[in-house]
Amino acid sequence: MDESVRHTCVVGLQFGDEGKGQLVDHLAATANVVVRFNGGANAGHTVRLGESRFALHLLPSGVITPGTTNVVAHGVALDPQQLLAEIDQLAERGISLTGRLLVSDRAHLVMPWQKAEERLLEAAAGRLGLPVIGSTGRGIGPTYAAKAHRLTAIRAGELRRLDRLAPKIAAIVTLQNALLTTLAALSGSAFEPFEVAAVLAALEPCAARLAPYLADTASWLDTALADGQTVLFEGAHSALLDVDLGTYPYVTSSACTPLGLGVGSGLRDARVDRVIGVLKAYGSRVGAGPFPSQADDLAAARLRERGQEFGTSTGRPRRCGWLDLVLAGYTARRCGVTGLAVTGLDVLSDLAEIPLVVAYDLDGQRLTTPPAEAVDLAACQPVCEMQPGWRSSLADCRDWADLPAAARAYVARLAATCGPVAYVCVGPRREQVLPLPATEEIAPRR
Ligand code: IMP
């Protein structure tokens, strides 16, 4: 490892599910602190440890690595029940977070009415002909909306004073029941109004259990940096789901690039020395929205089967297709990627030829950057370049030189558009992460 590298951010360059958890797990071995700064339990990070598989949604993937301190910073939309369930799940498997987890007292809580609002709003939008995002239903959008509205938002720190929070919740429940009843009527869905006593009864045990973890995490991070600790930032979701830079409105509601690290953690992104952009060797997307490189049904089914492309959060089958270098080149630039981690290569190992999307045709024009409007992106005709396949398993490769020449050529083609390659992953296990030396062959200059 380059000794000058202190603080790293890992970010996905596509629509999520690139295998970021594996990279965070790998890099956590050299980090003292792992930080989540955006999104909520709509994220799903899978980490494998031997034969064990951990599906994390809110906790940073560093929790699996002994000796790391893990921070859920204020940019995260925090579902307290989900967080506690993950803590319990790890405890059952012998992993204790006592003294190793800090949760920002400024993080906004996901409350049950925000999940109801998400469900009803999507149903109403569908009825009225508005775009339906295909949300994971974890209440993330309404929680960030409440944060921006301010009046009805609740932050984790408020759990310290339930005597003050109880009357606020009573007022919010009155307001939400009125709004949601109207929304339910519009959407033609059933809605059971919330009861204050039940909400408080569910929240009280969470408040008691979360209290020891609550902290001013931004100030804590200042001290950790001053003490010379090494920090790893784990970007959730991915750049194409970024609320500003992604395929809006088919995105999530937080800033998913290193640009969101500053607002979400309280540290300036300029303090990060290395940005690892995780790039899956093919494409996948879960939920609605344009996906120009989507493969035909047969090819998509093969990719889904070989790559086990089913949602970590919802179990939904993912749409599958080819790697889109128009989109990936765009996000690599926006994220300021200093090194790529190419994942999922082995999923392509049975193919004689692999299509790569290198441009779009839209209304007679050739495009090499994505158009702003989702409707235009959906109308783009992909222009493909065919790459030769390697038709042999990569699972036992342990070094760049072990890869077949065609696999190395494929990786080099990705590097030509998206930047130098720092890692190639040939399978989901820890020993299948291959760090690469930065040579000209695999890191052509852009
Ligand atoms: P929401 O943020 O749960 O409302 O979801 C908005 C859109 O982003 C939906 O299409 C989701 O399927 C997608 N999405 C959100 N988070 C992830 C993720 O971590 N991986 C893949 N897709 C995601």
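How much area is buried between domain 1 and domain 2, and what percentage of it do carbon and sulfur atoms give?

1. The structure is a predicted model, in which local features need pLDDT of at least 70 and side-chain atom pairs count only at pLDDT 80 or more, while totals for chains, interfaces and linings use all residues. Residues are numbered from 1 along each chain as its sequence is written, and side-chain values use heavy atoms, with hydrogens and water left out.

2. By an automatic or database domain assignment, the protein is divided into domain 1 (8-95 + 217-435) and domain 2 (108-212), whose centres, taken over C-alpha atoms, are separated by 29 Å.

3. To take up the opening question, about 2000 Å² is buried between domain 1 and domain 2, with carbon and sulfur atoms giving 59% of that area; buried area here is the accessible area (1.4 Å probe) that two parts lose on being put together, summed over both. In domain 1, the residues that lose the most area to domain 2 are Leu78, Pro80 and Leu84, which together make up 24% of what that side buries.

4. Counted by contact (heavy atoms within 4.5 Å), 27 residues of domain 1 meet 22 residues of domain 2.

5. Between domain 1 and domain 2 there are 2 salt bridges, a salt bridge being a side-chain nitrogen of Lys or Arg within 4 Å of a carboxyl oxygen of Asp or Glu. Asp88 forms a salt bridge with Arg209, and their closest N and O atoms are 2.7 Å apart.
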